[in-house]
Amino acid sequence: MQQRLTIRIQPQDNVAVAVRDLPAGTAIENGVTARDPIPQAHKIALADIPKGDPILRYGVVLGHAKEDIPAGSWVNESMLDLPESPSLDDLSWGTNLVPKEQLPDPPETTWMGYRNATGPAGTRNLLGIVTTVQCAAGVLRAAAERIRRELLPRYPNVDGVVAVTHPYGCGVAIDAPMAKIPIRAVRNLIRHPNFGGEIMVVGLGCEKLTYDRVLPPEDITPDNVLTLQDCPGHDAMMDAILALADRKLQRLNQRTREPLPLSDLLIGMQCGGSDAFSGISANPAAGYAADMLVKGGATVLFSEVTEVRDGVSLLAARCVSPAVRDRLAEEMRWYDSYLAAGGVGRDANPTPGNKRGGLANIVEKAMGSIAKSGTSPIVEVLSPAEVPTRHGLIYAATPASDIVCGPCQTASGIGLQVFLTGRGTPYGLEICPVVKVCSRNELKAHWADLIDLSAGGIVTGEQTIPEVGTELFRLILDVASGRKQPFSDQYGLHNDLCIFNPAPIT
Ligand code: CA
């Protein structure tokens with residue numbers, strides 16, 4: 001069977017995406033011949049598109065042709081205008097609520113996790129030591145290294161020690177309205193499900209982010225917090241941190257995995273380094289896995305405001321109530337104003353790599369990005385770093401930046417992140433495992449030991465979305481249950497924890 005050369009998503013689309021590099025003169029499906037060399041993942045015009053006419057992919061207007069585009073031309077990002085941002089007023093809600101019975105059945109309904117007293121279960125059993133200020137980060141990292149070397153071998157049931165260091169805490173306008181976001185992030189990171197309820201916070205002693213901003217009074221005890229300025233020198237700091245860590249490790253070592261229902265699992269989805277295949281293969285496969293998880297009772301977060309902004313009406317149609325729709329519009333509106341205050345618009349996304357990967361603009365990127373949310377109804381909308389109160393599919397508003405979305409979702413309590421990529425990134429998180437899925441087989445061949453799963457078989461036509469989606473579902477459960485380690489954890493490839501701080505620095 002001859003491999004297909006292009007993929008058209010909807011019958012009304014007037015562009016298709018090249019499955020591989022197509023030399024000029026290649027006769028493709030639909031009786032069109034390539035006038036220009038079409039790079040892999042880039043778009044080819046399927047008909048003459050007169051100046052001013054819409055360019056349609058996913059059945060959606062990506063933009064309007066700036067000049068006449070003859071059939072067979074390479075349609076790149078310089079050839080179309082960006083349409084106006086969709087309105088956030090009077091969005092219809094609930095017009096596309098897929099009933100639960102129509103979602104795909106999960107092939108497994110239990111996993112092995114660490115049960116917590118409240119909230120989602122842990123996917124790892126970690127000692128998490130959180131700083132209240134960057135000034136303590138150097139000491140804490142050095143102490144964590146000693147804990148790993150000197151203490152951890154005595155506690156075989158504990159998977160690791162994480163120094164949760166971040167740039168927030170001092171030199172910041174702590175009472176600015178938007179400081180609530182980074183403060184909430186630190187507060188929720190302290191109680192991450194993978195830390196098993198053991199609170200350990202290290203501060204300097206003079207920072208603005210005081211203990212009472214991240215802990216209730218009853219938890220501010222010598223058993224939970226440690227202040228470096230109270231310690232007489234370096235050796236005393238190390239001794240104090242190691243002694244406190246030892247007590248925490250004794251308790252964490254009592255924890256074991258047990259079979260749990262999917263309702264105890266909370267995961268996040270994010271994409272990064274996307275290409276024009278992301279919306280064809282990796283993201284729809286992730287969406288299929290998300291639908292299986294939701295049907296089984298799990299909670300799935302998807303995020304990245306600028307990458308859903310242009311598809312907001314599609315999301316509103318999946319909101320279960322006007323209140324959820326209003327929260328969605330509120331988060332979009334806030335992000336519009338945040339971008340405007342910085343003198344940019346949503347076209348500040350995509351990246352040069354996205355464009356090389358065939359994504360013409362943010363509309364095209366958004367349509368691919370939304371695919372990872374599957375088809376389930378949206379039951380809740382969260383502000384950055386908030387913790388869910390419902391089970392099911394949840395829109396957790398965050399920046400799209402990989403290294404900021406990750407910490408936001410981590411603060412929301414995810415036990416695992418599924419990361420979809422087209423261009424490739426070695427990205428990983430230390431607090432929870434990251435499963436990386438690529439959109440095309442070439443990337444899996446190039447980075448065989450960095451990408452956990454390829455969805456490229458969907459592009460070539462060798463696999464279906466349900467097949468790869470089911471494979472991903474099983475991989476999610478294997479990794480969440482500790483039966484498999486993703487490559488980023490095997491090699492210890494972990495990004496810094498860049499907490500989202502939209503408030504001023506002083
Ligand atoms: Ca991202």
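Which residue stands opposite L80 in β7? I found that A65 holds that place.

I noted that this is a predicted model, in which local features need pLDDT of at least 70, side-chain atom pairs count only at pLDDT 80 or more, and totals for chains, interfaces and linings use all residues. Residues are numbered from 1 along each chain as its sequence is written.

**Antiparallel sheet.** I looked up strand β5 (residues 60-65), which pairs with β7 in the antiparallel sense over 2 bridges. Strands here are DSSP runs of E with at least two residues, helices are runs of H or I with at least four, both numbered from the N terminus, and two strands pair if DSSP finds at least two bridges between them. The open sheet has 3 strands in the order β4-β5-β7. Its edges are β4 (54-57) and β7 (80-81), each with a single partner strand, so one side of each lacks a neighbour in the sheet. I then saw that helix α9 (residues 362-370) lies across β4 and β5, at about 165° to β5. Contact means C-beta atoms, placed from the backbone, within 7 Å; axes are lines fitted to C-alpha atoms, for helices over the stretch in contact, with angles from 0 to 180 degrees between N-to-C directions.

**Parallel sheet.** I recorded a second open sheet, of 4 strands in the order β10-β9-β11-β12 with parallel pairing. Its edge strands are β10 (160-164) and β12 (225-227). The twist averages 20° from one strand to the next. Between β9 (residues 126-131) and β10 I noted 5 bridges, and G128 stands opposite V162 in β10. Helix α1 (residues 137-151) lies across β9, β10 and β11 (201-203), at about 175° to β10.

Notes:
Two residues are in contact if their C-beta atoms, placed from the backbone, lie within 7 Å.
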